[in-house]
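Have the model open while you read.

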Amino acid sequence: MTSDQSKADSAEGGTMKRSVAVLSLVLLGLTLAACSLYLANIRPIASFIANPTSGTTPLDVDLDASASHDPDGTIDTYFWSFGDGQTASAVVTPTHTYTVQTDPETFTVVLTVTDNLGAQDTAVEEITVNP
Ligand SMILES: [Ca+2]
């Protein structure tokens, strides 16, 4: 009776140890899968066209980021910094008006795109505005 009881206990202990080992392996596998997914993510490519890139104030510039893409996913966000202190987000084809007072000025437009896994890329274009 005592011997049977101890056998049963030890068998139960063995099953528990196996369960813990299996759970550990599953967790390890999930961690490795998450890491490889993150490491394998290819960065998106930011690209845009500005038209025109120079002119007299007030200058309406059409910006088009539709050539931006992500080789292995999708682009989640578009963020524009127009170079004159103003910004825009969630717009692929904004139009921005530049104004200068007495001297010509060059503004640097920076587009930042973020893919579905958080990787980013930027593209830059300069706009010259004459009074
Ligand atoms: Ca990607």
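Two strands count as paired here if DSSP finds at least two bridges between them. Keep in mind that this is a predicted model.

With that in hand, take strand β3. It runs antiparallel to β1, and 3 bridges join the two. Within that pairing, N51 sits opposite D62 of β3. β3 also runs antiparallel to β6, this time through 4 bridges. There, L59 has Y98 of β6 as its bridge partner.

| Strand paired with β3 | Bridges | Direction |
|---|---|---|
| β1 (residues 49-51) | 3 bridges | antiparallel |
| β6 (residues 95-98) | 4 bridges | antiparallel |

In soluble globular proteins, nonpolar side chains tend to be buried together. The largest nonpolar core in this model has 14 residues, and L63, V109, L111 and I127 touch the most other members. Two or more residues each come from β3, β4, β7 and β8, with β7 giving the largest share at 4 residues.

What does L63 touch, leaving aside residues up to four places away in sequence? The list is F48, A50, W80, T93, P94, H96 and V109.

Last stop: N116, in the loop between β7 and β8. Is N116 buried, exposed or partly exposed? It's partly exposed, because 14 other C-beta atoms lie within 10 Å, and a buried residue would need 20 or more, an exposed one 12 or fewer. Not counting residues up to four places away in sequence, N116 touches G73, T74 and D76. N116 and T77 are 39 residues apart in sequence, yet their C-alpha atoms are 8.5 Å apart in space.

Note on methods. Residues numbered from 1 in each chain as written. Predicted model: local features only at pLDDT ≥ 70, side-chain atom pairs only at ≥ 80, totals over all residues. Core = buried A, V, L, I, M, F, W, Y, C linked by C-beta atoms within 7 Å. Contact = placed C-beta atoms within 7 Å.
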